[in-house]
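I open this notebook to keep track of what I look up, one topic at a time. My starting point is the overall layout, and after that I turn to single places in the chain.

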Amino acid sequence: MPLTKCDDCGHDVSTRVSACPACGGPMDNASSVQASNSAGNKGKDGSYVTTQMTAKSLKLQQVAAILLLIFGLSMVFTSPEGNSPAIGGLCTLGGLVWLIGVRIATWWRHG
Ligand SMILES: [Zn+2]
């Protein structure tokens, strides 16, 4: 199993993984694998499958965050009297923060 040094912490890391197991930093080899396979669905080696699963879960989280955001907004604007709009506001805020967090995570892995 070929090893490479992590750019961030210098830990010996397998070239097949997409992120350093010691510090979680993205690995160069993974990003090149991801770039070359971005449109295809080859998935021959483990690193690509791992990257794809991560991207999939991030996409899923993004959808969930948007749903939470819409749910919160609809609660704010359609909340009947007595129903605390604070809950809707909290959902909106939570969804927004979540969405931004997912966006940053996506950007971090792709950048
Ligand atoms: Zn590291």
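Before counting, I note that helices are DSSP runs of H or I with at least four residues, while strands are runs of E with at least two, both numbered from the N terminus. By that rule I find three helices and two strands in the protein chain, and reading from the N terminus I get the order β-β-α-α-α.

Confidence came next, since I am working with a predicted model. The protein chain averages a pLDDT of 77, and 71% of its residues score at least 70.

In helix 3 the buried residues are Cys-91, Thr-92, Gly-95 and Val-102.

I then checked the length of helix 3, residues 85-110: at 1.5 Å a residue its 26 residues should span 38 Å, and the end C-alpha atoms are 37 Å apart, which agrees.

My last entry concerns Ala-19, which I place in the loop between strand 2 (12-14) and helix 1 (28-36). Ala-19 counts as partly exposed because it has 18 C-beta neighbours inside 10 Å. From Ala-19 to Arg-109 I read 90 residues in sequence, yet 8.9 Å in space, C-alpha to C-alpha.

Key:
Residues numbered from 1 in each chain as written. Predicted model: local features only at pLDDT ≥ 70, side-chain atom pairs only at ≥ 80, totals over all residues. Expected span 1.5 Å × (residues − 1). Buried ≥ 20, exposed ≤ 12 C-beta atoms within 10 Å, placed from the backbone. pLDDT = per-residue confidence, 0-100.
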